[in-house]
Amino acid sequence: MSLIPRDRSAHPPALDPGYKTSVTRSPNLPLLALDSSITEETGPTFGHGLIGPLDNNLILNWTRGESPAIGERILLHGRVLDENARPVPNTLVEIWQANAGGRYRHVKDSYFAPLDPNFGGCGRTLTDEQGYYQFLTIRPGAYPWPNRGNDWRPMHIHMSIFGHAFAQRLITQLYFEGDPLIALCPIAATVKDRGQLEALVAPLDMAASRPMDFLAYKFDVVLRGTRQTFFENRKDGM
Amino acid sequence: MTQPLNRLRETASQTGGPYVHIGCIPSFAGLAGIYPEDLGLRAIGDNPKGEVIEITGSVLDGTGMALRDAMIESWQPDAAGVFPGQPGADPEVNGFCRFAADGETGEFRLRTVKPGAVPWPDGRMQAPHIALWIVARGINIGLQTRIYFDDEDNGADPLLGRIEHRERVETLIAKRTGPGAYRFDIRLQGPGETVFLDM
Ligand SMILES: [Fe+3]
């Protein structure tokens, strides 16, 4: 079934001078817009056999359960839906993030905040039948980055979502309610629609928190949907 | 007044950033051990049907410099044009692959099978192709494109036929450089800018 054409106004433009790296990495010419074909409408599927028991627990997965990561313990949870508001079940969600001090465990991150020996920084899970996912992690720290003179990334977690069609593929970042750095961040500011930016900010979810254990933040994701029509004049695809 | 449409808007994309490998190809970032192996490490198993090929290339920015932090995903059918998950698909073809531009040279390498042809929505056949999705620091929303092959008949491909500036068709066609070897460079902007898709 064909995908609903992407509403490009929901997304950042390719070129945003405030985010300097985008200047030489943005296509100048218009995209070739076409209806999706079977190549775009199919995509990889991943089974539960892929997912290890600690894969969605970033507090413990780096030390294989030996020793917890340093930082503010949080539950990050939510649902993956499509534009028709239907849950997207059994789809792979991957996250990566800096540690509590704002440092990534990456060969190219040279920020002088210390590495946490107990924290790796990535996790993955599959949504359940209702599109629900959850991760246990620590709240990442803000960090400085070379852009303008004194730019800092707000606390954020990177998220990659597959969906069931290759053209649903999405990578985004979620921010945390109340962080004053969101309003100052050139990368957050690439999202020009105010409602769309607000939808990247995960609210504190006290009802899902656990007393004496962790706070919770809720983040729902919406992927492209498929066209629902009785007048589908083509053979059933995938 | 009108009724509400009750549709949701797609979540806004954000750049994968410089550390996209931590989440998607952790071994590449030096994080081996959390997962038994990286997801999408191989497009094919040991004995796929069809011709095994290797595509080499770079993702070049507007100044002509190769990106050393790009992450690419590919999706394709098997040699008979059957996608994984469809009846009769070659179990030795995963269809999906993830690969990174080399941290020093910026070169990427995709080892896979030459895909078979698949239909266009109106029933015409498309020329054999591999779908790509490219993310990196500075790319605000993942870029969709396709690899076609210069030793296939691309003349009747419906997508290539829709490219108005005919000289740009070449940007989607990998050049055979030897037995089973192809070159495919991706230019993000400037002269020879690759045709990117909105599908
Ligand atoms: Fe980041």
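Visitor: Why is the contact between B:E170 and B:K175 called a salt bridge?

Guide: A salt bridge is a side-chain nitrogen of Lys or Arg within 4 Å of a carboxyl oxygen of Asp or Glu; the N to O distance for B:E170 and B:K175 is 3.3 Å, so the pair meets that rule. This is a predicted model, in which local features need pLDDT of at least 70 and side-chain atom pairs count only at pLDDT 80 or more, while totals for chains, interfaces and linings use all residues. Side-chain values use heavy atoms, without hydrogens and water, residues are numbered from 1 along each chain as its sequence is written, and chains are lettered from A and ligands numbered from 1 in the order in which they are written.

Visitor: What makes B:E170 and B:K175 partly exposed?

Guide: Buried means under 20% relative accessible area and exposed over 50%, with partly exposed in between (1.4 Å probe, protein chains only). B:E170 has 46% and B:K175 has 33%, so both fall in the partly exposed range.

Visitor: Which residues are joined into one network by salt bridges that share partners?

Guide: That network consists of B:E51, B:K114, B:D151, B:E152 and B:R176. Over all chains, the structure holds 31 salt bridges.

Visitor: What makes the pair of A:Y104 and A:Y143 edge-to-face?

Guide: Rings of Phe, Tyr and Trp (its six-membered ring) pair if their centres lie within 6.5 Å, and planes under 30 degrees apart count as stacked, over 60 as edge-to-face and the rest as tilted. The rule gives twelve aromatic pairs over all chains. For A:Y104 and A:Y143 the centres are 5.3 Å apart and the planes stand at 75 degrees, so the pair is edge-to-face. Because A:Y104 lies in the loop between β3 (92-96) and β4 (122-126) of chain A and A:Y143 in strand β6 (residues 143-145), the pair ties together parts 39 residues apart in sequence.

Visitor: Why is the pair of B:W75 and B:F83 called stacked?

Guide: The ring centres of B:W75 and B:F83 are 5.6 Å apart and the planes are at 20 degrees, so the pair counts as stacked. Both B:W75 and B:F83 are buried.

Visitor: How do you know that the charged end of A:R169 sits over the ring of A:F162?

Guide: The rule asks for NZ of Lys or CZ of Arg within 6 Å of the ring centre and within 35 degrees of the ring normal; the charged end of A:R169 is 3.9 Å from the centre of the A:F162 ring. A:F162 also forms one aromatic cluster with A:F46 and B:F96.

Visitor: What makes a set of residues a nonpolar core?

Guide: The members are buried Ala, Val, Leu, Ile, Met, Phe, Trp, Tyr and Cys residues joined through side-chain atoms within 4.5 Å. The largest nonpolar core has 40 residues, and those touching the most other members are A:L76, A:V80, A:M159, A:I161, A:L174, A:F219 and A:V221. Apart from this core lies another, of 31 residues, among them A:A98, A:F162, B:L39 and B:A131.

Conventions: Helices (H or I, at least four residues) and strands (E, at least two) are DSSP runs, numbered from the N terminus.
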